[in-house]
Amino acid sequence: MARIAALVALLLLTGCATTQAAAPKDTLVWATSLPVHTFDIAHGFDTSTLAQFSVLDTPVTLDGNGQVVPSLAESWKETKPGVYDFQLRKGVRFSDGTPLTADDVAFSLRRHLDPNVASEAASYVVHVKSVEATGENSVRVTLRQPTAAFLAVSALAWQVVPRKLAEAHPKDLGSPQVGTLGTGPYKVAKFSLTDGVTLVRNDQYWGPKPELARIEIRTINDPEALRLAIKQGSVDATSDVPIRDARKWTGIPGVATGFYPANSIFFLSFDVTDGPLKDVHVRRAIAHAIDKDALVRLGTGGHGSAAAALLTAPQLKTLYGDKGSPLTRTYPHDIGKAKAELAQSPYPDGFAMTIPFTPNSEDALTMQAIISDLAKIGIRITVESMPADAYRARLMAHDRAGMQLHRLVYGTPDPGEVLPDLLSQASAEPQGWNFALYGSAALDAALDRMLTTSGPARIPLVDTILNEVAEQVPYVPLYYFDGAYALNERFTIKVNAWTLDIFSAIRMAG
């Protein structure tokens with residue numbers, strides 16, 4: 001399930017940049033704008049995963065190309081359609097020295113299916129029918145139907161914890177009061193919602209020892225205070241560089257800034273069931289009227305690119321390589337074509353429409369630019385200001401869906417994570433992510449074929465779905481934005497959209 005970063009209301013802790021004694025050279029001080037609040041993905045499938053993936057292993061993980069590779073599992077095989085047998089590494093221990101068992105691994109996936117846990121990762125594993133330990137070092141997962149995305153989503157959601165600890169704490173595992181135990185390269189030495197997190201090297205780790213001995217994670221929620229802390233050297237690194245204001249960061253002496261295509265996308269959704277947006281020519285007119293290149297400059301400060309298809313840039317690259325998606329219809333910015341499309345609708349002279357929005361949203365400038373573009377073809381937008389909580393509630397209820405601006409962030413390279421969420425009829429129900437309320441039995445069948453097919457045969461199935469979206473325009477992809485980091489030049493990092501364990505990717509310079 002996608003995360004709507006601009007809409008989710010999270011606890012903000014006030015932080016400030018203060019001068020502190022220099023940390024040892026193999027210690028990294030990392031700052032976040034939002035606090036790590038749990039070491040359990042079941043109750044923190046959000047910014048807390050930054051620290052989780054350095055402590056908690058998964059049976060499989062992603063390499064730098066977005067391909068699934070071994071982690072706690074040495075190997076796996078789909079022994080028959082929808083049945084996976086995993087062989088686990090021998091001799092793996094949790095950070096307290098307790099041996100990892102196949103039962104721990106099986107339980108760690110199965111717990112997300114337990115309604116008493118109320119896992120935030122449940123939607124990622126809804127296709128799992130059963131999980132069982134079949135031997136001392138083997139686990140079998142049986143799916144409800146073959147699902148090509150299973151391995152990729154397992155790299156995110158299947159964080160392994162001790163069964164005994166998790167069963168004793170179904171609601172508060174990973175909290176500061178309970179903590180957690182993992183098999184990853186780091187372990188938790190300190191965890192406080194107010195004072196931050198300290199991770200130290202896990203001497204029990206089965207893999208290569210991470211270069212940094214200690215990671216200190218602090219919260220500084222004000223972007224300018226964070227920038228000053230980086231500049232003054234009291235903080236070594238952050239991934240919370242505001243893309244729109246990245247120019248303020250790129251010239252800081254002794255600090256390297258880096259950018260890479262993030263697994264995220266901005267797009268518009270249209271309620272295709274009601275009002276003027278029910279007409280495909282209206283939707284096509286809007287697609288032509290919007291100046292995506294201008295939105296890239298405004299929304300990303302040049303650290304992004306215009307989007308054509310309803311997948312993220314890294315997902316498209318993993319699927320198609322450098323060719324890009326073979327769309328049969330595209331919508332270059334062209335006011336003449338926009339007016340021509342509108343002329344084919346019942347609203348040749350335009351119309352008025354009211355849309356809900358949170359006025360202090362960081363995406364307000366993007367929305368203002370869209371409103372200005374649409375005014376040029378006679379579509380007059382009035383914004384109904386709403387608090388963020390009320391807006392999110394209305395959005396997820398699909399109440400007067402109209403036209404909405406979304407910024408969604410995904411976790412895997414698999415199109416099966418994105419397309420069913422945005423296009424299936426099931427997801428068009430309240431609390432689903434199909435904000436366009438678009439769908440059909442035929443499209444559901446196409447999505448099912450895509451989900452159950454793997455390898456090269458899957459590509460034409462994705463092509464068909466993306467081209468239907470391009471033809472019918474329930475959504476208008478707007479732009480992609482880069483991920484960014486600032487890092488003291490005492491360190492180096494190699495990172496991209498598929499890097500899950502950020503801290504193990506950091507090295508000492510020189």
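Guide: First a definition: helices (H or I, at least four residues) and strands (E, at least two) are DSSP runs, numbered from the N terminus. The model is predicted.

Visitor: Start with the loops, then. Where is His398?

Guide: His398 sits in the loop between helix H11 (388-397) and E18.

Visitor: What about its phi?

Guide: The phi of His398 is positive, about 60°, although His398 is not a glycine.

Visitor: Is His398 buried or exposed?

Guide: His398 has a relative accessible area of 12%, and buried means under 20%, so His398 is buried.

Visitor: Which loop holds Leu437, and what is its phi?

Guide: Leu437 is in the loop between helix H12 (419-423) and helix H13 (441-452). Its phi is near 55°, a positive value in a residue other than glycine.

Visitor: On to strands. How many residues of E14 are buried?

Guide: Seven of the seven residues of strand E14 (residues 264-270) are buried, so E14 is largely enclosed by the rest of the structure. Both faces are covered: one side has Ser264, Phe266, Leu268 and Phe270, and the other has Ile265, Phe267 and Ser269.

Visitor: Which strands does E14 pair with?

Guide: E14 runs antiparallel to strand E18 (residues 403-409), with seven bridges between them. Four bridges join E14 to strand E19 (residues 475-488), also antiparallel.

Visitor: Helices now. Which residues of H8 are buried?

Guide: In helix H8 (residues 313-320), the buried ones are Pro314, Gln315, Leu316, Leu319 and Tyr320.

Visitor: What do they pack against?

Guide: The buried residues of H8 pack against strand E13 (255-261), helix H14 (458-472) and E19.

Visitor: What comes just after H8?

Guide: Gly321, which takes a positive phi of about 70°.

Visitor: Last one: where is Ser372?

Guide: Ser372 is in helix H10 (residues 364-375). Its relative accessibility is 40%, so Ser372 counts as partly exposed.

Visitor: How far is Ser372 from Pro420?

Guide: The two are 48 residues apart in sequence and 32 Å apart in space, C-alpha to C-alpha.

Conventions. Residues numbered from 1 in each chain as written. Predicted model: local features only at pLDDT ≥ 70, side-chain atom pairs only at ≥ 80, totals over all residues. Heavy atoms only, no water. Buried < 20%, exposed > 50% of the residue type's maximum accessible area, 1.4 Å probe, protein only. Pairing = 2+ DSSP bridges. Contact = heavy atoms within 4.5 Å.
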